[in-house]
Amino acid sequence: MNLANVDLNLMTALEALLQEQQVSRAAYRIGRSQPAVSNALGRLRDLFGDPLFVRTPQGMMPTPRATEIRPLIEMALEQLRAALDDKRFEPQTSNRHFVIATADASAIHYLPRIMPALRSQAPGVTIAVVEAWGSEAVEAIARGKVDLALGVFSQQQEHFVSEPLSALREVCVGDRDNPALRGKSLTLERFLVLPKIVLERRESGNVINATLASAGHKSNIALSLPQFLGAARIVVGTDLVMALPDALMDVLPDRHLYAVVPFAVDVPDVLVRMIWNRRFEADAAHVWFRNLIKQCLVPEI
């Protein structure tokens, strides 16, 4: 294919269509009319020799070919934008807006460390937090809905970059008067039979529950919930327990109401990572923001 014959506007339209999967929203995103984007889609289909999108009750779904070329198109356009932008990122005068995907407890744990530095170095830069983790966070990054994610990710994605931020140790948490937690440590066997709360999202990085499940043990689950903080508060006044990363105990209100007992065996640490789409690797503002997060959250930096 001769690139001289390819209209760059078609690629920006394709990027918007891949991210929005709706012609009207894609048109709004790039500031063009809906007929213009529809016309661009027709030309794109001819160019690639593929329908690219198929209409379904759920909207315009990308074909396998469109899914295959998406990361390549996004990366190429991002690199082109970086090449054309001769301005250096100036934090003090920037009004850049970043969107972070993370869990509720992670936001409460990390943002008090990030925000003072952000307000000092870049008072015009703003942040929005989307509660998403695991595959939900990965999908949000892939669709261009968020800039990066903080959390535990079971599998590294091909077109993503990740950096470790911290390692968390899981402990058993329960009511301070729970007689089952009177001791210096707790065996996994004992934890197995105790009535417990678990997080319904299996990608949460709960090492204890994953270890028990992989060994074929059936745990005594009394309640499953989608959020860390809501789950932890419920153990108070009950015989319920749950496994939580020890660092998250710092964000719980009324910390004195809880008993926190370590496990009697070595448990693998929960590794918290920051992940982002590779297409933002050279974006000056994105690089600055990632470095700010690392400086705030990684002790040795």
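Biologist: Where is Leu52 found?

Modeller: Helices (H or I, at least four residues) and strands (E, at least two) are DSSP runs, numbered from the N terminus. In this predicted model, Leu52 lies in the loop between H3 and strand S1 (53-56). Leu52 has a positive phi of about 70° although it is not a glycine.

Biologist: Is Leu52 buried or exposed?

Modeller: Buried means under 20% relative accessible area, exposed over 50%, and partly exposed in between, with a 1.4 Å probe and protein chains only. Leu52 counts as buried, at 0% relative accessibility. Gln21 also deserves a look: its phi is near 55°, a positive value in a residue other than glycine. Gln21 sits in the loop between helix H1 (8-20) and H2, and is buried with a relative accessible area of 16%.

Biologist: Before we go on, what should I know about the numbering and the confidence?

Modeller: Residues are numbered from 1 along each chain as its sequence is written. Since the model is predicted, local features need pLDDT of at least 70 and side-chain atom pairs count only at pLDDT 80 or more, while totals for chains, interfaces and linings use all residues; side-chain values use heavy atoms, with hydrogens and water left out. pLDDT is the predictor's confidence in each residue, from 0 to 100. Here the chain has a mean pLDDT of 85, and 89% of its residues reach 70 or more.

Biologist: At what angle do helix H2 and helix H3 pack?

Modeller: Axes are lines fitted to C-alpha atoms, for helices over the stretch in contact, and angles run from 0 to 180 degrees between N-to-C directions. Angles under 35 degrees count as roughly parallel, over 145 as roughly antiparallel, 65 to 115 as roughly perpendicular and the rest as oblique. Helix H2 (residues 23-30) and helix H3 (residues 34-48) pack at about 110°, their axes 8 Å apart; H2 and H3 are therefore roughly perpendicular to each other.

Biologist: Which residues make the contact?

Modeller: Contact means heavy atoms within 4.5 Å. H2 contributes Val23, Ser24, Ala26, Ala27 and Ile30, and H3 brings Gln34, Val37 and Ser38.

Biologist: What is the strand order in the open sheet?

Modeller: Two strands pair if DSSP finds at least two bridges between them. The open sheet has five strands in the order S4-S3-S5-S12-S6, with mixed pairing. Its edge strands are S4 (126-131) and S6 (160-168), each pairing on one side only. The twist averages 20° from one strand to the next. S6 and strand S12 (residues 270-277) pair in the antiparallel sense over eight bridges, and Glu163 stands opposite Met274 in S12. Helix H6 (residues 135-142) packs on the sheet, and its direction makes about 15° with that of S12.

Biologist: Which residues is Val173 in contact with, leaving aside its neighbours within four places in sequence?

Modeller: Val173 belongs to strand S7 (residues 170-175) and is buried, with a relative accessible area of 0%. Setting aside neighbours within four places in sequence, its contacts include Leu181, Val235, Leu240 and Tyr258. Val173 and Val235 are 62 residues apart in sequence and 7.9 Å apart in space, C-alpha to C-alpha.

Biologist: And what about the chain as a whole?

Modeller: The chain has 10 helices and 12 strands, and of its 301 residues, 47% count as buried.
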